[in-house]
Amino acid sequence: MQYYRDGYRSGDPDLQPAAPEAVSRTGDIPAEVDVLIVGTGPAGTVLAAQLSEFPDITTRIVERRGEPLTRGHADGVACRTVEMFEAFGLADALLREAYWVNEVHFWGPCDDDRAKIVRTGWVQDTPPGLSEFPHVIVNQARMQHFLLQHAARSASRLEADYGVEFVTLTVHERDDHPVEVTLRRGDKEITVNANYVVGCDGARSKVRSAIGRELAGDAANHAWGVMDVLATTDFPDWRTKNVIQSAGKGSLLMIPREGGNMVRCYVDLGEIPAGDSTIRSTTAEQLAVTANAILHPYAIDVKQCAWSSVYEVGQRLADRFDDVTDDDDRIPHVFIAGDACHTHSAKAGQGMNVSMQDAFNLGWKLAAVLQGRSAPQLLRTYSGERQTVAADLIEFDKFWSAFIAQPTVDPQHPELGGVTSQQMQAEFARQGRYTAGLATTYTPSSLTGTDEHQDLARGFQIGTRFHSSPAVRVADAYRGELGHVHRADGRWRLYAFGDADGSALRELAQWLTDAAQSPIARFTAASADIDSVIDVRAVFHADHHDVDLGELPEILLPRSGSLGLQDWEKVWAVGADADIFAARGISDRGAVVIVRPDQYVAHVLPLDARDELTDFFGGFLLPVEAE
């Protein structure tokens, strides 16, 4: 972490000095804003954290509740989400509090007495090598707190306005602040004009309704109860994740919570008639009775229920995530994210995670357009990319919800169907990549290249998230994850992996530094830091002792910040126990790996690519004018 770039200051380095713009914006919601975020759920808080990185962008976030969330409904945090939290500098705090899901245990009816359950097997929760981070469990309220605290401690000093309800909006045909929004605080209506509005206001989204979008889909007419309990028990696997199938009494999914004692229990309540809402009156006490029936011969004695609910499994999806249509060329000004545009069951553990990734996809695009680095057409890519991801999740969730709701096979009556414990165990293992949040692959577009050079870096698949791996920083011999240099600051990353002798890498770095046609020169203002748009990192295929920093071009030792200090953290190498070239299948010819601001691999090119490199960045960045 670098925190003296603009001069020495004492105190907490995570508390950024307030920008002058932030100081002038304190108080009531202004009449004009760049971005208005509606809702402080998972998507809204990620978007607020992302946009807080840009004090020159006027962002406000409003929440109809009178105070921050204290008890969250979601709790599963996928590996991919922890990777994203690392980009905000929040992963350490998250992991310190979290329950780490290491194994999944499976239980089914005993062969000798099917009224009892026995352990039938286990699998590792996340297959090895998928991520440097684990799958963890943290209360949704804490996740949102981390993100809101990050925004409040940023230079923007962005804080949520609570007790403010969204009423309606109108999009006018004007260039400046075209979205007129009506809000209500108590009995007072407030009018705000925004350049962009993002509805992160849940499944009953008023923003979605205001732009005429609807959620389409069906409920599965299968009910589940969920409760967070503090209990004593003789069940031996209380602190591991469990999938429990009983003989005729339903299924139970147990997920330990953070804090060492609390466990979340998903209790199968079976099929219900369409439209029957009486199941929603099921109490926590009734859920505990059902859970104990499933657990026989074990039992739980619930001392306290922190939260409980009953819901029906259902999957619904909006056809677009913005206020334009496919057949017009208008620029969207209103967006929806998270549950406002897709809903699904909790069984895959993806709802909160996919919602956060929606916002991470949108945030950097809004910043790029508002700061003039990209044309407004960039914003049309949000709905196309994320609606496809959500549609895939809906299909997966339909399969997964139906699969785990199946009864266990009765050996005496196999004709009744069902699933065995071994089949359940095998399916959990097979779906590991999806439930880790790593199944998203963006298809070729202006932001994602084609794969003709994929063989140069086989472990960095184009369209997927950048899969970090250890490397050694040359300046100080620090061994760390290369992907952790990626901050949520809106910049593109260009990782140049060296050829066998490093000559092609040095030539590329010199060209990026000096050539008028390089993407650095074309898309970075002369008055800005040289790495303010594209952050170039080099990884030499050599021991770090054999790389001479004094011989490298400026792009790899740039001077930046108000004091013009050198950045000593751009150059990396392999180590004795950290060969990133072998780990990620990088060719001896080296490779250029371009990574989007949201950590997805955008392109792989040869080190001698010149026109291709500049042309790719030219597909979404605007050339700077001479100063």
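Visitor: How many salt bridges does the rule count here?
Guide: Welcome! What you see is a predicted model, and the rule looks for a side-chain nitrogen of Lys or Arg within 4 Å of a carboxyl oxygen of Asp or Glu. Applied to this structure, the count comes to 41 salt bridges.

Visitor: Which residue forms a salt bridge with Arg465, and how far apart are the parts they tie together in sequence?
Guide: The partner of Arg465 is Glu83, with the closest N and O atoms 3.0 Å apart. Arg465 sits in the loop between helix H11 (432-435) and strand S19 (470-473), while Glu83 belongs to helix H3 (residues 79-87). The pair therefore links parts of the chain whose separation in sequence is 382 residues.

Visitor: Into which domains is the protein chain divided?
Guide: Two of the domains are built from separate stretches: domain 1 takes 31-67 + 140-214 + 318-390, and domain 2 takes 99-135 + 222-311. The remaining one, domain 3, covers 454-619.

Visitor: What area is buried between domain 2 and domain 3?
Guide: Let's start with the layout: the centres of these two domains, taken over C-alpha atoms, are separated by 46 Å. In contact are 5 residues of domain 2 and 5 residues of domain 3. Carbon and sulfur atoms give 41% of the area buried between domain 2 and domain 3, and that area is about 330 Å².

Visitor: Which residues of domain 2 lose the most area to domain 3?
Guide: Three residues together account for 81% of what the domain 2 side buries. They are Gly129, Leu130 and Glu132.

Visitor: Which residues does a cis peptide bond join?
Guide: Most peptide bonds are trans. Here is a cis one, with omega about 20°. Look in the loop between helix H7 (284-295) and strand S16 (300-317), the place of Pro297. The bond joins His296 and Pro297.

Visitor: What is the phi of Arg157?
Guide: Most residues other than glycine have a negative phi. Arg157, in the loop between helix H5 (140-153) and strand S8 (160-162), has a positive value, near 55°.

Notes: Residues are numbered from 1 along each chain as its sequence is written. This is a predicted model: local features need pLDDT of at least 70, side-chain atom pairs count only at pLDDT 80 or more; totals for chains, interfaces and linings use all residues. Side-chain values use heavy atoms; hydrogens and water are left out. Domain bounds come from an automatic or database domain assignment. Contact means heavy atoms within 4.5 Å. Buried area is the accessible area (1.4 Å probe) that two parts lose on being put together, summed over both. Helices (H or I, at least four residues) and strands (E, at least two) are DSSP runs, numbered from the N terminus.
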